[in-house]
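Try each task before reading its solution.

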Amino acid sequence: MLRFIAKRVLWMIPSLFGVSFLAFVLIQLPPGDYVTTYVATLASSNEIVDQNAAAQLRERFGLDQPMIVQYAKWVWGIVTRGDFGLSFEWQQPVSGLIWERMALTLVLAVASLIVTWAIALPIGVYSAVRKYSIGDYAFTVFSFLGLSIPSFLLALVLMYIAAVEFGQSVDGLFSPEYENAAWSIGKMVDLLQHLWLPVIILAVSSTASLIRVMRANMLDELPKPYVTTARAKGLSERRLLLKYPMRIALNPFISTIAWLLPNLISGSVVVAIVLNLPTAAPMLLQSLMAQDMYLAGAFVLLICALTLIGSLISDILLALVDPRIRLE
Amino acid sequence: MSDATLVTEVSRDRVAVASQWQLIWWAFRRHKLAMIALFVTLALYIVALVPGFFAINDPVKQNARSTFHPPQVVHFVDRSEGWDFGLYFRPMKLSRDPETLAAIFKEDPAKKVPIRFFGRGYEYSVLGLFRTDIHLLASSDPKQPLYLFGADRLGRDVYSRVVQGAQVSLSIGLVGVSLSLFLGIVLGGISGYYGGRIDFVIQRVIEFVLALPTIPIWLALAAALPQNWPATLQYMMITIILSLTGWAQLARVVRGRFLSLRSEEFVAAARLDGVPERRIIFRHMLPSFASHIIASVTLAVPAMILAETSLSFLGLGLQPPTISWGVLLREAQNIRSIATAPWLFLPGGAVVLAVMALNLLGDGLRDAADPYNK
């Protein structure tokens, strides 16, 4: 087991290098660089920047060097000093900007994951046990609807209802008075009061797909002989379900961490932009548009790292829960 | 489905000689919801093929007088002078609120404009082959346009725009999936058929691609596209971007199937008979899992449609004047315009309908294609 974990962690290192290089190349792909964007912004407000000043800026930011040199310097900074470089747009070190936003992104994703499980597990089991009942049909319709509604549309509709029917805005994760405040109990409570809406929006589509998976797995397990045996021996239906078929049908739940976590983080991007959440997404989008490459690169790198860690966790849990799975 | 249930519908000897595709079709036909989904999907793609015919007004024509014109109701029976049957609508009159100057649209009970089937409207091109001006529905008075889904900020007809947008949004799913299918089959096939070192390398690549958070990568790639590119080039690039991450999933499925089929006796027999490798793959192995692949592909199309919609909604996908459902939903982006014109959500309804139909269709196909399904 330990060997497996060690091997996987070691394997993550080249993956992260690959991802970070990819991110770097992607961000450099558009013609021009941050200075071009910057000069264009200034020009639109009628300020003229001469070529000399632009060249000086490039030199200061190190943009005049070849890409591979820039990349090597950036990675070296991260590995040796935990320094993710400087955000051109904010004129601040990237590490000062991203951590709180990454933490909120993670909170959002994990909360959605828990909500997804809490809803999908009982419904999936119910749908399988009461196959073709009215409840099963209702949940089936719900899950197909949930899969078909783009999350940003759901967010927009809920925002519309909140604004028109209840006259309140639901965007953001904090009330204005807490937005820039230091962390306190009050701010935590405020966060929880705002968190539920994005969590529900994010959880809808993943819940929908997980209900289908759980139902299908339970249906595979229920007709098996061991279930009949347990029933014949007089085990109560409830205990029987919880003790045998459900445990086996649970496997996909654990392996979902591997794809659910990246999906939730990915999915949260669009929702966060619509709802104006202070998570990584809106800042990532902004930095991509402005070619603020170290900031964007840091976000993409960290999101990928989270994804890789998520799949590692799910592999370990899967091995713990299901003894049939061998790790080599 | 078991043989016993099949017999009720088809006689036993017909089952015995039926081809695999025949069996799949019989199993599929019994799935009511999937059949409905099939018809909805076909209908949507027919609309996407000739959007001009189904549109009512020119989707790009602006009209300052009908800014945020509300949707109009189509009546069937006119009771004002006895009983009069036939589709018609009552044009709306524009007045201004004396204080706020906000536009107020009111139905004019005195006027009545009949709706014609196969009437004439704006001129459009059919698949680039010929031009015509015949539409399925047309207002009989060209001065009184019919706004079935209302009008947007610039007074453009939302219904006609949704119909026009179907072309881009629905085809992007198909084209993107074909691209990822090509990559997936080639790489997954090589990986699964040859195994060994090449399998190891391709597997690591697939794992790597699957570990990438799709939307941030799409954002980065899409942000790299110059906004002033011609529409067709943009369209091609967006589809390529979407399929770059989509192929890995399919490659995995193909590889798994190849691995399990490779040890089947009929493949060993073919090999011992000296059948060339290409023929083994394409003649013997591919047909065995084609049905499964088709189901996976059908399930991948709606994901692509959602992806295009999200990207265009964020302003990183297709750019106006190209009309796609995502571009249309950008109009619904700020709370103020949807508060005045909630019908701007209607393109979202089209997205939900298409994605749901394709999902149900794919689900039904998967069940029907599974020979062990009871």
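**Exercise 1: Two annotated spans**

Over residues 33–56 of chain B, the chain is 88% helix and 0% strand, with end C-alpha atoms 30 Å apart; helices are DSSP runs of H or I of at least four residues, strands are E runs of at least two, and both are numbered from the N terminus. This is a predicted model, in which local features need pLDDT of at least 70 and side-chain atom pairs count only at pLDDT 80 or more, while totals for chains, interfaces and linings use all residues. Residues are numbered from 1 along each chain as its sequence is written, and chains are lettered from A and ligands numbered from 1 in the order written.

Task: find how UniProt labels this span, then describe residues 232–254 of chain B.

Step 1. The unreviewed UniProt entry lists "transmembrane region" for residues of chain B including 33–56 and 232–254.

Step 2. Residues 232–254 of chain B are 100% helix and 0% strand, and their end C-alpha atoms lie 31 Å apart.

**Exercise 2: Two domains**

Task: how far apart are the centres of domain 1 and domain 2 of chain B?

Step 1. An automatic or database assignment sets the bounds: domain 1 of chain B covers 68–153 and domain 2 covers 161–369.

Step 2. Taken over C-alpha atoms, their centres are separated by 38 Å.

**Exercise 3: Chain B meets chain A**

Task: how many residues of chain B are in contact with chain A?

Step 1. Contact requires C-beta atoms, placed from the backbone, within 7 Å.

Step 2. By that rule, 32 residues of chain B are in contact with 40 residues of chain A.

Step 3. Elements giving two or more residues to this side of chain B include α7 (196–211) and α11 (277–314).

Technical notes. UniProt positions renumbered as here; feature names shortened; annotations may be inferred. Contact = placed C-beta atoms within 7 Å.
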